[in-house]
Amino acid sequence: MTHDTSGEGNVLYSFNYFKSKDPDLFCKKITQNTYDFNIDRKLIKKLVNFFIFTPFHVASSKIILLDNIFLPFAYTKFKKSVAVVQLWHGTGTMKKFVLDSEKGILKKLANKSSSKQTHLIVGSNKMIPTYKSAFGLESKNIFPIGSPRTDFFFNEDYIQTKKSEFYTLFPELSNKKVILYAPTFRDESFKKKFKNKKLNLDDSLNLNLEIFNLLKYLNDEYVLVLRLHPSISKNFSMDNLKLDYSFKKRIYDFSTFNSLNSLLLISDCLITDYSSIIFEYSLMNKKMIFYPYDLKDFEKHSRGLYFNYEQFVPGDIVMETTDISKKIVEKSNGSKIEMFKDKYMKECNGNSAKNLYKILNEFMN
């Protein structure tokens, strides 16, 4: 059960690995579209599939792989022999999530659903307390074996293939220095409370447009690549940016590009705020710059953070785009990233899917 149909996410990558070991395995995918009941010609088919065929596949499965909380599991009974594996869609987190962020009936349903999980996979021992709190599981159900989707970044053939494919599609970027900007999604409750007239924010408060000014201070070899959260990108259009054309042509919106991994691999540095993308990015030992322009408001009005932000992030924190541009051209100090990896990504070493396969075999035998 996954929202990621790219093959790069934890669920499909893990299944593909299992399939390589056991070709007779059968997989039934349940995605967000399965229970998206918009009124259209496919509505009846979707309802029949969701309420008849989906329960059948769930009931007859030996292994269920998840990368989100599936609320209907709150009312689902599983045999003791069924492995319900929570892989989550992010490799780590600094923002509070699931039981630590939900309230009311949603929290109760999430708690019941989470209680059905037999295995919760995390990136290191250091992440166990955070995930234990978020999912309400016992330590015996938490396995610090690394996130399977990070195995990609230890496969040199895969890395070269993804880079080659990307530059074939976008040859104009092959000789550029790519700055990847990947801000996190602000919850609706936060957007209603947060007000700061000093910032150049769009009407829906989905994106701080100040970020584009950093190109004024960098020469033409630098380009800015956007990877916006789906909830942001659906309201965002490059056509609406009131920027000088010379800057606008140096901005690429790859929010819907089918391979996030490709963007991580071809970029020279990452700019973000509170996104979990930093966990995967740390594996590549490349520069990260943190632009939490609304940090005080975010800490006060958002779902909350698990860590002290200034002490946690593995890179420089800046509040002005002029300072970002200076940090981009500075020589990187990789010591923070190395310490971060050693703490939070210790078991992400290219063998996570292999270790998961072993654990599940032992569980079922």
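Predicted model: local features only at pLDDT ≥ 70, side-chain atom pairs only at ≥ 80, totals over all residues.

Reply: Angles of 65 to 115 degrees between axes count as roughly perpendicular. Helix H1 (residues 10-21) packs against helix H15 (residues 352-364) at an angle of about 70 degrees, and their axes are 10 Å apart. H1 and H15 are therefore roughly perpendicular to each other, and H1 passes H15 in a right-handed crossing.

Now for the salt bridges. The structure holds 9 of them. Take Glu221 and Lys177, whose closest N and O atoms are 3.9 Å apart. Glu221 sits in the loop between helix H6 (188-193) and strand S6 (222-226), while Lys177 belongs to strand S5 (residues 177-181), so this pair ties together parts that are 44 residues apart in sequence. Glu221 is partly exposed at 32% relative accessibility, and Lys177 is partly exposed too, with a relative accessible area of 35%.

Stay in that loop between H6 and S6 and you also find Asp220. Asp220 forms a salt bridge with Arg250, the closest N and O atoms being 3.7 Å apart. Arg250 lies in the loop between helix H8 (245-248) and strand S7 (251-253), so to speak across the chain from Asp220: the pair links distant parts, 30 residues apart. Arg250 is buried, with a relative accessible area of 6%, whereas Asp220 is exposed at 53%.

Lys341 counts as buried, its relative accessible area being 16%, and Glu338 as partly exposed, with 42%.

Salt bridges can also join up here: Glu8, Lys162 and Glu165 are linked in a network of them.

For a contrast with all that charge, look at the surface patch made by Leu71, Ile105 and Leu106, which is nonpolar and has about 260 Å² of accessible area together. Leu106 lies in helix H3 (residues 104-114) and is partly exposed, at 41% relative accessibility.

Terms used
Residues numbered from 1 in each chain as written. Heavy atoms only, no water. Patch = residues over 30% accessible without salt bridge, like charges linked within 9 Å, V, L, I, M, F, W, Y side chains within 5 Å. Areas by Shrake-Rupley, 256 points an atom, 1.4 Å probe, with all protein chains shown as cover. Salt bridge = Lys/Arg side-chain N within 4 Å of Asp/Glu carboxyl O. Helix = DSSP H or I, 4+ residues; strand = E, 2+ residues; numbered from the N terminus. Buried < 20%, exposed > 50% of the residue type's maximum accessible area, 1.4 Å probe, protein only. Axes fitted to C-alpha atoms, helices over the stretch in contact; angles between N-to-C directions. Parallel < 35°, antiparallel > 145°, perpendicular 65-115°, else oblique. Left-handed = near helix turned anticlockwise from the far one by under 90°.
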